[in-house]
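Subject: Structure handover and notes

Hello,

Please find the structure below, followed by my notes on it.

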Amino acid sequence: MQIKAPRGTKDIIPSESYKWNYLESKFRKICSLYGYEEIRTPIFENTELFQRGVGDTTDIVQKEMYSFKDRGDRSITLKPEGTAGVIRAFIENKMYADAQPTKLFYMIPCFRYERPQSGRQRQFHQFGIEAIGSDTPSLDAEVIELAMQYLKEIGLDNLSVSLNSVGCPVCRKAYNEKLRNYLKEKAEVLCDLCNERREKNPMRVIDCKNEACQENIEDIPLIADNLCSDCQIHFDTLKKYLDEMNISYEIDKKIVRGLDYYKRTAFEIIANGLGSQSTVCGGGRYDGLVEDIGGPAGNSGIGFAMGAERLMLTLEANNVEIEKTNRQDIFIVTIGDMAKLKSFAILKELRDNNISADKDHLDRSVKAQFKYANKIQAKYTVVIGDDELENNQAALKNMETGEQKEIKISELVKELKKEL
Ligand code: ATP
Ligand code: MG
């Protein structure tokens, strides 16, 4: 029986991977432009990190984690998101002792046990950044701007920023009381999960995906209307900075985000025209997270994560084409055994000179070699046989124009460098 890839996973084969390379290299470039450096953390962590760092009343922790016991009976989890691991590494490597802010980016696979559908997989990928070590809204503004700039550069412009403030422990204390009282009245019409979360983390109810719940809590009190003065100032200052950078946004007071650690700024970037899986980027501030997972106090941070598969879908939906650039510069067509042998040295010289080159590996006829050269979109071909080797003379053919010219084999590299 044929073995298939696990449900919810996808292969990224060459007809797709060049697009990934393009998006990744663009992401690297913009991160370095803004002073963000790459961090690579393990693909699995101790389960406890996500229970504490993502929050044990979240969908991710309650329903979606890939957790298992390893052979040493430790509970291990494949990372469902990037921030918790980055913050653990920030603490473990004492990065807080360096000059702040610490600006990091990552491109990672993530794992969530979800019902697979378009834009929703069990292994998917995130591009993200984290800016740690400052609680002023200027980093919030930079992080949102970087995300928008990246999306614009890869060709997306039909985007909108939804912005909210989810407050801090100070304003949430009074607000949560208000919410609990409101939700107590609704106990009979809420789903089981909402009722379970109602006492422990009432704001989670706003994020419930159940439509009936949503209809029944239309007039629920919202945190953005209940901010303490510090949070209000932070929010207003951020808006001022975004205005200054000409970034338009809409306030969406119902954004609470799927992770428990968010404080103050929460935002999403929506790609218009992608239906239900339209959020390509989600982010927010997580003051207190460093402390929550055992680090020193006073290391605030903000970051975002973009879903790479959703980016890909959005590009397709907007008819943005990514050019395939990995054409071979030249294909060497060989005739006879001597040419086959000598072609190794020619290939090596070409490749040593940064010219991408290939030759036949299937003992094809000359005609079939040309056909293959066409298929791989080689820009040039050169035919080498006994006569050519003897005379140090061969025909270099431009496969696009059909033009042909006689060159010395010993000057192939020089000739190609002129042409390419
Ligand atoms: P959603 O509401 O769509 O489930 P989320 O709030 O769970 O999203 P985040 O945890 O904020 O998502 O993750 C950041 C981004 O990662 C999302 O905006 C989305 O683009 C992408 N993403 C999340 N889950 C998946 C998945 N299962 N498959 C593909 N992409 C995903
Ligand atoms: Mg989700």
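In which hand does α1 pass α5? The crossing of α1 with α5 is right-handed, where left-handed would have the near helix turned anticlockwise from the far one by less than a right angle, and right-handed is the clockwise case. Before the rest, the conventions: this is a predicted model, in which local features need pLDDT of at least 70 and side-chain atom pairs count only at pLDDT 80 or more, while totals for chains, interfaces and linings use all residues. Residues are numbered from 1 along each chain as its sequence is written, chains are lettered from A and ligands numbered from 1 in the order in which they are written, and side-chain values use heavy atoms, with hydrogens and water left out.

Helix packing

Helices (H or I, at least four residues) and strands (E, at least two) are DSSP runs, numbered from the N terminus. Axes are lines fitted to C-alpha atoms, for helices over the stretch in contact, and angles run from 0 to 180 degrees between N-to-C directions. Angles under 35 degrees count as roughly parallel, over 145 as roughly antiparallel, 65 to 115 as roughly perpendicular and the rest as oblique.

Helix α1 (residues 14-33) and helix α5 (residues 137-153) have axes that come within 10 Å and cross at roughly 140 degrees. The pair α1 and α5 is therefore oblique. On the α1 side, Y22, L23, K26, F27 and I30 meet L146, Q149, Y150 and E153 of α5, contact meaning heavy atoms within 4.5 Å. By class, the residues of this contact of α1 with α5 are six nonpolar, one polar and two charged. Here Ala, Val, Leu, Ile, Met, Phe, Trp, Tyr, Cys and Pro count as nonpolar, Asp, Glu, Lys and Arg as charged, and the others, Gly among them, as polar.

The axis of α1 also comes within 11 Å of that of helix α11 (residues 308-317), and the two cross at roughly 105 degrees. That angle makes α1 and α11 roughly perpendicular to each other. K19, W20 and L23 of α1 make the contact with A308, E309, L311, M312, L315 and E316 of α11. The contact of α1 with α11 has six nonpolar, no polar and three charged residues.

Cores

A nonpolar core is a set of buried Ala, Val, Leu, Ile, Met, Phe, Trp, Tyr and Cys residues joined through side-chain atoms within 4.5 Å. Buried means under 20% relative accessible area, exposed over 50%, and partly exposed in between (1.4 Å probe, protein chains only).

The largest nonpolar core has 96 residues, of which F27, Y150, L151, I269, F304 and L311 touch the most other members. Helix α5 supplies the largest share of this core, nine residues. Leaving aside neighbours within four places in sequence, Y150 is in contact with L23, K26, F27, I30, F127, M306 and L311. A second, separate core has 18 residues, including I330, I355, Y380 and L416.

Helix α4 (residues 83-92) is mostly covered, with eight of its 10 residues buried. They are T83, A84, G85, V86, I87, A89, F90 and I91. These buried residues of α4 pack against β2 (44-46), α2 (47-55), β5 (102-111), β6 (123-132) and α10 (289-292).

D140 is in helix α5 and is buried, at 0% relative accessibility. Not counting residues up to four places away in sequence, D140 touches H234, L238, T265, R285 and I302.

S160 lies in strand β7 (residues 159-165) and is buried, at a relative accessible area of 16%. With residues up to four places away left out, S160 touches E250, E268, I269, I270 and N272.

Backbone

Most residues other than glycine have a negative phi, and most peptide bonds are trans. The following entries depart from that.

- Q100 to P101: the peptide bond is cis, with omega near 5 degrees; P101 is in the loop between α4 and β5.
- K94: just after α4, with a positive phi of about 50 degrees.
- R264: not a glycine, yet phi is positive at about 55 degrees; R264 is in strand β9 (residues 263-271) and is buried, at 13% relative accessible area.
- D363: phi is positive, near 50 degrees; D363 is in the loop between β13 (357-359) and α13 (366-375) and is exposed, at 60% relative accessibility.

Regards
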